[in-house]
Amino acid sequence: MAAAASTSMAATAVLMHRLPTTKHAVVFSPLPNRPSLSSTPFKQLKGVKSSPLLVKASSSDETSLDANELFTDLKEKWDAVENKPTVILYGGGAIVAVWLASTVVGAVNSVPLLPKIMELVGLGYTGWFVYRYLLFKSGRKELTTDIEAIKKKIAGTE
């Protein structure tokens, strides 16, 4: 096995030695210069009207994100949770559901023509949904009432 490998390496070395070693230079032509405001004469800019609105950049401490503050907020929220095992169980279940969905989508993608058929089905359903619920005012009103009914069912107020 080692002899075969060394023989093929020697043959490659001999063939590579016989190949011409000319280098071809690639030449790119430069792009033409585009006119910009900096190259425009001042006289041409005189006619341009400026906006009376002035914008001033400033920094604010309210928008800065502090890692310690974030962790303390998360700790306070976690301490306020009454049923921690249920939250952990739901979080773990969500992670498993996402992993399982990813596996199923990967399996469906590996089947020839099936991803394109699924795209067509999704496109058709999206078109139907837009036509049924979003295009006309009566459909939008019906959609909002359906969403409110579902919210009431979930909240348990119905």
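The end C-alpha atoms of residues 113-131 lie 27 Å apart, and this span is 95% helix and 0% strand. The model is predicted: local features need pLDDT of at least 70, side-chain atom pairs count only at pLDDT 80 or more, and totals for chains, interfaces and linings use all residues. Residues are numbered from 1 along each chain as its sequence is written, and side-chain values use heavy atoms, with hydrogens and water left out.

**Overall make-up**

- The protein chain has six helices and zero strands. Helices (H or I, at least four residues) and strands (E, at least two) are DSSP runs, numbered from the N terminus.
- Read from the N terminus, the order of elements is α-α-α-α-α-α.
- Of the 158 residues in the protein chain, 3% count as buried. Buried means under 20% relative accessible area, exposed means over 50%, and partly exposed lies in between (1.4 Å probe, protein chains only).
- The protein chain has an accessible surface of about 15500 Å², and carbon and sulfur atoms account for 67% of that. Accessible areas come from the Shrake-Rupley method with a 1.4 Å probe; for residues, only the protein chains shown count as cover.

**Annotated spans**

- An unreviewed UniProt entry lists residues 87-107 and 113-131 under "transmembrane region". UniProt positions follow the numbering used here, feature names are shortened, and annotations may be inferred rather than shown by experiment.
- Residues 87-107 are 100% helix and 0% strand, with their end C-alpha atoms 30 Å apart.

**Helix α6 and its end**

- Helix α6 has 19 residues, which at 1.5 Å a residue should span 27 Å; its end C-alpha atoms are 27 Å apart, which agrees. The expected span is 1.5 Å times one less than the number of residues.

**Salt bridges**

- The whole structure holds three salt bridges. Each is a side-chain nitrogen of Lys or Arg within 4 Å of a carboxyl oxygen of Asp or Glu.
- Lys75 and Asp79 form a salt bridge at 3.4 Å, N to O. They sit four residues apart in helix α3 (residues 67-80), about one helical turn. Lys75 is exposed at 53% relative accessible area, while Asp79 is partly exposed at 48%.
- Arg132 and Glu142 form a salt bridge at 3.0 Å, N to O. Arg132 lies in helix α5 and Glu142 in helix α6, so the pair ties together parts that are 10 residues apart in sequence. Arg132 is partly exposed at 33% relative accessible area, and Glu142 is partly exposed at 30%.
- Glu148 forms a salt bridge with Lys151, with the closest N and O atoms 3.6 Å apart. The two are three residues apart in helix α6, about one helical turn. Glu148 is partly exposed, at 41% relative accessibility.
- An α-helix has 3.6 residues a turn, so residues three or four places apart point the same way.

**Aromatic pairs**

- The whole structure holds five aromatic pairs. Rings of Phe, Tyr and Trp (its six-membered ring) pair if their centres lie within 6.5 Å; planes under 30 degrees apart count as stacked, over 60 as edge-to-face and the rest as tilted.
- Phe129 and Tyr133 have ring centres 5.1 Å apart and planes at 45°, so this pair is tilted. They are four residues apart in helix α5, about one helical turn. Phe129 is partly exposed at 25% relative accessibility, whereas Tyr133 is buried at 14%.
- Tyr131 and Phe136 make an edge-to-face pair, 5.8 Å centre to centre with 80° between the planes. Tyr131 is exposed, at 53% relative accessibility.
- Ring pairs also link Tyr125, Trp128, Phe129 and Tyr133 into a cluster.

**Nonpolar patch**

- Val130, Tyr131, Leu134, Leu135 and Phe136 make a nonpolar surface patch of about 480 Å². Patches are made of residues with over 30% relative accessible area and no salt bridge: like charges are joined within 9 Å, nonpolar side chains (Val, Leu, Ile, Met, Phe, Trp, Tyr) within 5 Å.
- Phe136 sits in the loop between α5 (114-134) and α6 (137-155). Phe136 is partly exposed, with a relative accessible area of 44%.
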